[in-house]
Amino acid sequence: PSHDKVPCRLLGYKYRVDSRNTNKEVYTVTYRAESGWCKKPWQKKLIPVYGLEHLRGSPTVRVLFVEGEKAADKARELLGERWKVLGYSGVKGADELWLPDEKFWDDCEVVIWPDNDSPGKEAARKVQNAIEGLENKVREIRIVRVDQLQGVPPSPDIVTGKQIGRA
């Protein structure tokens, strides 16, 4: 599920279908006031980050952005409550990323963990630009240089090897 702000209002769901013939297919079901629930993409500049609801309830000081919902779930499992973990959907998703411009960003330390490939690095820069464009400024933004971590395969994400424990 994807939510629009803190406190959260449900905007829609993304679901992934893995098949033998293709790598993956991702579908979006959104709520439209005029037509209800429908299989349509997010409106322009309204692709919410995955996991926004986890920013509720406690002070947010450390936020980790990772590429993909599966990676966000795995990072949340590995890190527990130490970090608030949010996911974004690759380069295209980073182009249309929507972040709530809320007060909780003011004292945050943000780390972006990209996939270790060119599109992943490009998406991380786009997420960084979106965060820097907020009126409520974060204290610090860092992008992990995954390609400089020792023993990391050419194109890992946080799911494919628990690299986060080494960073």
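This is a predicted model: local features need pLDDT of at least 70, side-chain atom pairs count only at pLDDT 80 or more; totals for chains, interfaces and linings use all residues.
Local features rest on pLDDT of at least 70 and side-chain atom pairs on pLDDT 80 or more, while totals for chains, interfaces and linings use all residues. Residues are numbered from 1 along each chain as its sequence is written, and side-chain values use heavy atoms, without hydrogens and water.

**Figure 1. The chain contains three helices and ten strands.** Helices (H or I, at least four residues) and strands (E, at least two) are DSSP runs, numbered from the N terminus. Along the sequence their order is β-β-β-β-β-β-α-β-α-β-β-α-β. Of the 167 residues, 45% are buried, that is, under 20% relative accessible area with a 1.4 Å probe, protein chains only.

**Figure 2. Strand β9 is covered on both faces.** This strand spans residues 109–113, and five of its five residues are buried. Glu-109, Val-111 and Trp-113 lie on one side. Val-110 and Ile-112 lie on the other.

**Figure 3. Strand β9 pairs with β6 and with β10.** Two strands count as paired if DSSP finds at least two bridges between them. Strand β6 (residues 62–67) runs parallel to β9, with five bridges; Val-66 has Trp-113 as its bridge partner in β9. Strand β10 (residues 140–143) is also parallel to β9, with four bridges, and Glu-109 is partnered there by Glu-140. Between β9 and β10 the chain passes through helix α3 (residues 118–132) in a right-handed β-α-β crossover. Right-handed means that, with the strands pointing away from the viewer, the path from the first strand over the helix to the second runs clockwise.

**Figure 4. The largest nonpolar core has 22 residues.** A nonpolar core is a set of buried Ala, Val, Leu, Ile, Met, Phe, Trp, Tyr and Cys residues joined through side-chain atoms within 4.5 Å. Those with the most contacts inside this core are Phe-65, Trp-105, Val-110, Ile-112 and Ile-131. At least two residues come from each of β6, β7 (84–88), β9 and α3; helix α3 gives the most, with four. Another core, of 13 residues, lies apart from the largest one and includes Ala-71, Leu-79, Val-111 and Val-146.

**Figure 5. Trp-105 is in contact with residues from several parts of the sequence.** Contact means heavy atoms within 4.5 Å. When neighbours within four places in sequence are left aside, the contacts of Trp-105 include Val-63, Phe-65, Leu-86, Val-110 and Val-138.

Conventions
Buried means under 20% relative accessible area, exposed over 50%, partly exposed in between (1.4 Å probe, protein chains only).
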